[in-house]
Amino acid sequence: MEKGYEVHGIIRRSSVDFRERIAHLEGRPGFHLHYADLGDSMSIVKVVGSVRPDEIYNLAAQSHVQVSFDAPEFTADVDAVGVIRVLEAVRACHLEQHCRIYQASTSELYGKVEAVPQNEETPFHPYSPYAVAKLYGYWIVKEYREAYGMYCCSGILFNHESERRGETFVTRKITLAAARIAQGHQEKLFLGNLSSRRDWGYARDYVECMWLMLQQEQPDDYVIATGVQHTVREFATLAFRYAGIELRWEGEGADEKGVCAAGPARLVGKVLVAVSPDFYRPTDVVNLLGDPSKARRCLGWNPSKTRFEELVRLMVESDMAKVAGEGAAAKIRTNLAEYLEKGIVK
Ligand code: G4F
């Protein structure tokens, strides 16, 4: 929208409102929402046919890797066949020579990695139902580019985080817990594999790169990453530090614990982070590090715009403010209940 685009998004009907992350856009001129679902071809054809878009960004997916082990069929339907539904909708509406398509591909394709760092030439070895479904999406985009000459690209994005990241992905789970623990609203954080390594970047920077991919003369696929890697443990250490808590790690494997070494007196010496096997995956991808040289060279994209420390700080600051707001709202509700009970307010 900052680029002056008219933006049409699709949403799914739900009995509860999940639109918190786009609430600030609703009602703005140039922003439109349509009911449609990647599992429903006709709904996609109808939206594409009525909007006749110049560019499509297919970011829709069942995107949680651990959940894909519990819901593999749904994941395949949306993340694999869903891509075909978008491509075919564009063809059915005779827009294949006009509409450019971005497909959200993923570093999870490298899975049980065969080389470090990973670039556009690194062999794929998907290691979850999610990654296998996404592999289909990647190849079908390539196929439609070659078979029909369509301008469609895959961005092989490494983990991209922000203040709006879903609360069950590890970074946001950590920043929210650090803020809650620091403000006395949570006792402990349970995590899975603390030694897992990721190349974490800022979603805002990555979205700019998605757009750049659709502005080139020729369509192509690109790795988008920072080229810097950290463990889950390092992310947690830094997030708690920004929340005013210094962690000391003790023990190993499932017995590892993050103990408060310094911070608010009520927390010092307490175990604030522990490992729970509930968050282990049947197969886990543990060593992702991207090589963004091609995106830097061909798109002029800067992979170091927002550094790791800055990303963690932004996320913690946002959650500290969010938790403080929730605390204040809860206090007002408690006071109000008390005043109503005592008859102070009617
Ligand atoms: O934050 P995560 O759940 O992200 P994951 O699996 O890397 O996937 C995300 O990034 C991909 C891009 O590379 C996207 F394609 C995908 O849609 C999604 O956005 O987990 C990161 C790592 C994993 O190794 C996981 O085992 O953190 C480890 N981890 C340790 N404890 C945990 C936890 N992950 C989660 N979600 N929750 C934990 O408690």
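1. **Basis.** The model is predicted: local features need pLDDT of at least 70, side-chain atom pairs count only at pLDDT 80 or more, and totals for chains, interfaces and linings use all residues. Residues are numbered from 1 along each chain as its sequence is written, and side-chain values use heavy atoms, with hydrogens and water left out.

2. **Salt-bridge count.** A salt bridge here is a side-chain nitrogen of Lys or Arg within 4 Å of a carboxyl oxygen of Asp or Glu. By that rule there are 17 salt bridges.

3. **A link between distant parts.** Glutamate 20 and lysine 322 form a salt bridge, with 3.7 Å from N to O. The two residues are 302 residues apart in the chain. Glutamate 20 sits in the loop between β1 (7-11) and β2 (31-35), and lysine 322 belongs to helix α9 (residues 308-342). Helices (H or I, at least four residues) and strands (E, at least two) are DSSP runs, numbered from the N terminus. Glutamate 20 is exposed, at 59% relative accessible area. Lysine 322 is partly exposed, at 26%. The cut-offs are: buried under 20% relative accessible area, exposed over 50%, partly exposed in between (1.4 Å probe, protein chains only). Glu20 and Lys322 also belong to a network of salt bridges with Glu167.

4. **A pair within one helix.** Glutamate 88 and arginine 91 form a salt bridge, their closest N and O atoms 3.0 Å apart. Both lie in helix α3 (residues 72-92), three residues apart, so about one helical turn separates them. In general, an α-helix has 3.6 residues a turn, so residues three or four places apart point the same way. Glutamate 88 is partly exposed, with a relative accessible area of 30%. Arginine 91 is partly exposed too, at 24%.

5. **Another 3.0 Å bridge.** Arginine 248 and glutamate 250 meet through their side chains in a salt bridge, 3.0 Å from N to O. Glutamate 250 is partly exposed at 37%. Arginine 248 is partly exposed at 40%.

6. **Backbone exceptions.** Most residues other than glycine have a negative phi, and most peptide bonds are trans. The bond from valine 116 to proline 117 is cis, with omega near -5 degrees. Proline 117 lies in the loop between β4 (100-106) and α4 (129-148). Arginine 52 has a positive phi, near 50 degrees, and is not a glycine. Its place is the loop between α1 (41-51) and β3 (55-58). Arginine 52 is partly exposed, at 45%. Histidine 94 has a positive phi of about 55 degrees, again without being a glycine. Histidine 94 is in the loop between α3 and β4, and is exposed at 66%.

7. **Helix α7.** Which residues of helix α7 (residues 232-242) are buried? They are Val232, Phe235, Ala236, Thr237, Leu238, Ala239 and Phe240. Glycine 244 follows α7, with a positive phi near 90 degrees.

8. **A positive patch.** Arg21, Arg164, Arg204 and Lys305 form a positive surface patch. Patches take residues with over 30% relative accessible area and no salt bridge; like charges are joined within 9 Å, and nonpolar side chains (Val, Leu, Ile, Met, Phe, Trp, Tyr) within 5 Å. Arginine 204 is in helix α6 (residues 203-213). With 53% relative accessibility, arginine 204 counts as exposed.

Conventions
Areas by Shrake-Rupley, 256 points an atom, 1.4 Å probe, with all protein chains shown as cover. Lys, Arg positive; Asp, Glu negative; His and termini not counted. Charge placed at Lys NZ, Arg CZ, Asp CG, Glu CD.
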